[in-house]
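Okay, everyone, let's get going.

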Amino acid sequence: MSPSASSTPGPAPRFAVVGVPGNRRVTLFQDAVRGAGLPAARVVSWLDVLRGEAGFLPGETVRMDSPGEDAAVERLLRAAGDPTRVEGTALWYARFTAAVREVARAAAAAGAVLLDDPGDVAVLFDKRLCHAVLDGTGVPVPASPTSGAAAPVVRGWADVRERMADHGMPRVFVKLAHGSSASGVLAVETAGPGRVRATTSVERDASGRLFNSLRVRRVTTERDTAAIVDALAPDGLHIERWLPKATRRGRATDLRVVVVAGRATHAVVRTSHSPMTNLHLGGERGDLDEVRDAVEAAGGSWSEALAVCERAAACFPGTLCVGVDLLPSTGWRRFAVGEVNAFGDLLPRLTGLPGSGAEDLDTYAAQVAAVMNRARNHRATATA
């Protein structure tokens, strides 16, 4: 993956990025485009898309990025005035996937090339559908009683309790079907009737409204756990077996692995004293070399761990880049995929894995380079 455009004969790609103008994601992508010697990407705002005012140019390569961190966009997608509110994700999903389809329609009408398939995006933002796709292709995932479109709907805590009992799952993660960044996630543990506790970043006020917090807390009664789950259920819930993770220095450990054009290019280790390792919830970056050494010392295979991520990404062939949450089991010899994220590439200043072809590139530069390589190969094939 060469970061330079000057060595590529013929016209170079012209990028457009659908995102939030001025947002750090768009800024980092612009830095990568300019670093490759290309003209700055044309920025198309999600607000324009949602208002039906977005347009593209013939021959543009269109990349979609997260619509997050914009209050006006959030209001249009979720009809919620407070961005910290948890409820409303089903409406968000319906409106966002409609907006993605509109981007695809406008791009096709203009003769532009889209890097994110709308069908892939729709699956990636529904944890039930995504789990079924991964499981159906043999990618290791935690067992789930809510996998797939045909699974029974979870209407509330009573259904969660029933699924846990029927499937022999005393410890589960309960997730919003369309949630992200650990919003609405509960790590639930049971030990007999009435003995329930949950770990979550959700806070519930006196009127029953739910809010995201940056503080992970423990819910110690079944009544309080049920109240949160019942309030979340109308937006759709996904249940997964809580797999025990490997630990480093007493901290639960997992990895975010970025896959670009089918190749695992970047990885970051995340550790936490809580079941949620998200960095914004107090998780910390771990040492990747230590994790690789632990895997190999246990008789596992680091290359196979990366191959699991590449197999997960291959389930979404119309999408250039995904972020895979890789869960190492206790003992460091086996791995499962927790989630696949459409916008999982926000890892500033992180350069590529050895042997990945992106050793000197960040996640955005690796995507630019992949598009340039694809264009070069297409021209070579056309002139052969």
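So, the side chain of H273 makes a polar contact with the side chain of R251, at 3.2 Å. By polar contact I mean a pair of N or O atoms within 3.5 Å; within protein, one must be able to donate a hydrogen and the other to accept it, and residues adjacent in sequence count only if both atoms are side-chain atoms. Now, a word on where this comes from: it's a predicted model, so local features need pLDDT of at least 70, side-chain atom pairs count only at pLDDT 80 or more, and totals for chains, interfaces and linings use all residues. Residues are numbered from 1 along each chain as its sequence is written, and side-chain values use heavy atoms, with hydrogens and water left out.

Back to H273. You'll find H273 in the loop between strand 12 (263-272) and strand 13 (284-285). Strands here are DSSP runs of E, at least two residues, and helices are runs of H or I, at least four, numbered from the N terminus. Not counting residues up to four places away in sequence, H273 touches G250 and R251, where touching, or contact, means heavy atoms within 4.5 Å. Also, H273 and T253 sit 20 residues apart in sequence, and their C-alpha atoms are 9.1 Å apart in space.

Is H273 buried or exposed? H273 is exposed, because its relative accessible area is 66%. The cut-offs are under 20% for buried, over 50% for exposed, and partly exposed in between, with a 1.4 Å probe and protein chains only.

Next up, S66. S66 is in the loop between strand 3 (60-64) and helix 3 (71-78). S66 has 16% relative accessibility, so S66 counts as buried. What does S66 contact, leaving aside neighbours within four places in sequence? The list is G19, V20, R25, W46 and F343.

Okay, zooming out. The chain has eleven helices and 15 strands. Of its 384 residues, 55% count as buried. Among contacts between residues at least 6 apart in sequence, 64% join residues at least 24 apart. And the C-alpha atoms fill a box of roughly 70 × 55 × 35 Å, taken along the principal axes.
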